[in-house]
Amino acid sequence: MSLNYNTADTQSYFSRMLNGEVARPPVLTLLGSRIDAVDAEAGMLSATYEASPDFRNPAGTVQGGMLSAMLDDLTASLVDATLAAGQGVATLNLNVSFLRVAEVGTLQGEARLLRRGRDVCHVMGTLRQDGKEVATAVAVCKVVPVT
């Protein structure tokens with residue numbers, strides 16, 4: 001499978017992480033996150049998440065907080081792909097809507113950049129399972145300097 005990784009700056013943290021030059025944050029391992037494709041210029045990113053049995057709530061379905069964490073990662077990752085070296089992203093607001101229950105297993109995520117300003121970005125993310133939308137989010141992210 002050929003992966004499409006088109007980021008804004010090959011020296012950014014995100015690009016270096018995708019290329020295995022720097023370690024992935026542990027939360028990505030926890031969420032079972034894998035970036036499938038990213039096109040910073042087009043403002044699109046797709047990723048896969050693996051909801052483990054540990055993510056279940058008392059009803060036996062994936063707890064909403066875990067889906068929210070996936071959506072936060074999904075939307076912030078797309079902004080991260082648009083950044084230059086020395087820049088990072090902070091989520092200012094994440095508005096999540098739950099549409100149906102998610103079961104333990106694979107979820108597909110897609111993010112789309114709605115607006116990319118100099119310091120503030122608006123992003124929409126969607127999680128699907130078995131082709132059906134389970135949750136959506138609109139995020140407001142801030143571009144921040146990192147050292």
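Q: Which residues lie nearest the centre of the largest pocket, and how many line it?
A: A pocket is an open set of points on a 1 Å grid over the protein atoms alone, with protein on both sides within 12 Å along at least five of seven lines, and lining residues have an atom within 4 Å of a point. Here 20 residues line the largest pocket, and Leu-28, Asp-73, Ala-76, Ser-77 and Asp-80 lie nearest its centre. This is a predicted model, where local features need pLDDT of at least 70, side-chain atom pairs count only at pLDDT 80 or more, and totals for chains, interfaces and linings use all residues. Residues are numbered from 1 along each chain as its sequence is written, and side-chain values use heavy atoms, with hydrogens and water left out.

Q: Which elements give two or more residues to that lining?
A: Helices (H or I, at least four residues) and strands (E, at least two) are DSSP runs, numbered from the N terminus. For this lining they are α1, α2 (26-30), α3 and β4 (87-98). The largest share, 6 residues, comes from α3.

Q: How many residues does the largest nonpolar core have?
A: In soluble globular proteins, nonpolar side chains tend to be buried together. A nonpolar core is a set of buried Ala, Val, Leu, Ile, Met, Phe, Trp, Tyr and Cys residues joined through side-chain atoms within 4.5 Å; buried means under 20% relative accessible area, with a 1.4 Å probe and protein chains only. The largest core in this model has 36 residues, and Phe-14, Leu-45, Met-70, Leu-107 and Leu-127 have the most contacts inside it. Its largest share, 8 residues, comes from α3.

Q: Where does Thr-7 lie, and what does it touch?
A: Contact means heavy atoms within 4.5 Å. Thr-7 lies in the loop between β1 (4-6) and α1 (13-18). Not counting residues up to four places away in sequence, Thr-7 touches Phe-14, Ser-15, Leu-18, Val-38, Ala-40 and Ala-81. Thr-7 counts as buried because its relative accessibility is 15%.

Q: How many disulfides are there?
A: A disulfide is a pair of cysteine sulfur atoms within 2.5 Å. By this rule the count is 0. Cys-121 is in no disulfide, and its nearest cysteine sulfur, that of Cys-141, is 6.6 Å away. Cys-141 is likewise in no disulfide. With 0% relative accessibility, Cys-121 counts as buried, and Cys-141 also counts as buried at 0%.

Conventions: Buried < 20%, exposed > 50% of the residue type's maximum accessible area, 1.4 Å probe, protein only. 1 Å grid on protein atoms, 1.4 Å probe; cavity = no way out; pocket = protein on both sides within 12 Å on 5 of 7 lines; lining within 4 Å.
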